[in-house]
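Here are a few notes to read with the model open beside you. Take the points in order and look up each residue as you go.

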Amino acid sequence: QVQLVESGGGLVQAGGSLRLSCANSGRTFSTDITGWFRQAPGKEREFVAAISGSGGNTYSAESVKGRLAISKDNAKNTVYLQMNSLKPSDTAVYYCAVRQGSWSTIAVPWSYNYHYWGMGTQVTVSS
């Protein structure tokens with residue numbers, strides 16, 4: 001059974017930084033695609049970024065490019081989301097998710113393509 005646990009969320013001021021972590025205790029990230037999604041109050045779940053099993057492919061939403069970046073350490077079986085220059089609009093619950101399948105930028109932005117989900121970690125950015 002896949003178990004995903006997000007950590008690293010918290011309260012920061014606008015312009016600050018956070019690094020979120022997603023630990024996978026059930027499967028190796030080396031063979032699975034991992035995505036980050038977020039959901040703000042009253043809004044739909046939104047794709048943030050995804051990374052392939054090997055780490056050789058990444059894809060990010062246009063709205064976060066240059067500020068939020070996904071990376072991974074397969075030796076630690078952990079995927080990260082480095083968040084810089086945070087804005088109040090980044091406030092949301094951030095979720096880690098895993099899917100099995102071939103890498104495709106057509107598929108990775110859509111939540112229904114992911115098999116497993118963590119419980120989320122809250123990120124709050126104050127103005």
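1. Start with alanine 49, which touches Thr34, Gly35, Trp36, Tyr59, Ser60 and Ile70, leaving aside residues up to four places away in sequence. Contact here means heavy atoms within 4.5 Å. Alanine 49 lies in strand S5; strands (E, at least two residues) and helices (H or I, at least four) are DSSP runs, numbered from the N terminus. With a relative accessibility of 0%, alanine 49 counts as buried, where buried means under 20% relative accessible area, exposed means over 50%, and partly exposed is in between (1.4 Å probe, protein chains only). Its C-alpha atom is separated by 12 Å from that of glycine 66, 17 residues apart along the chain.

2. A word on the source: this is a predicted model, in which local features need pLDDT of at least 70 and side-chain atom pairs count only at pLDDT 80 or more, while totals for chains, interfaces and linings use all residues. Residues are numbered from 1 along each chain as its sequence is written, and side-chain values use heavy atoms, with hydrogens and water left out.

3. Now for the core. Which residues touch the most other members of the largest nonpolar core? They are Trp36, Val48, Leu81, Met83, Tyr94 and Tyr114, out of 33 residues. Strands S3 (18-24), S4, S5 (46-51), S7 (68-73), S8 (78-83), S9 and S11 (121-126) each supply at least two residues of this core. A nonpolar core is a set of buried Ala, Val, Leu, Ile, Met, Phe, Trp, Tyr and Cys residues joined through side-chain atoms within 4.5 Å. Leucine 81 touches Leu18, Arg19, Leu20, Trp36, Val48, Leu68, Ala69, Ile70 and Tyr94, again not counting residues up to four places away in sequence.

4. Next, look at the rings. The whole structure holds six aromatic pairs. Rings of Phe, Tyr and Trp (its six-membered ring) pair if their centres lie within 6.5 Å; planes under 30 degrees apart count as stacked, over 60 as edge-to-face and the rest as tilted. Phenylalanine 37 and tyrosine 114 have ring centres 5.1 Å apart and planes at 80°, so this pair is edge-to-face. Phenylalanine 37 is in strand S4 (residues 33-39) and tyrosine 114 is in the loop between strand S9 (92-99) and strand S10 (116-117), so the pair ties together parts 77 residues apart in sequence. Phenylalanine 37 is buried at 1% relative accessibility, and tyrosine 114 is buried at 6%.

5. Phenylalanine 37 also forms a tilted pair with tryptophan 117, at 5.1 Å centre to centre and 50° between the planes. This pair links S4 with S10, 80 residues apart. Tryptophan 117 is partly exposed at 26% relative accessibility. Phe37, Phe47, Tyr59, Tyr114 and Trp117 form one aromatic cluster. The charged end of arginine 45 sits over the ring of tryptophan 117, 4.2 Å from its centre; the test is NZ of Lys or CZ of Arg within 6 Å of the ring centre and within 35 degrees of the ring normal.

6. Finally, check two backbone angles. Most residues other than glycine have a negative phi. Asparagine 77, in the loop between S7 and S8, has a positive phi of about 55°. Serine 85, in the loop between S8 and S9, has a positive phi near 50°.
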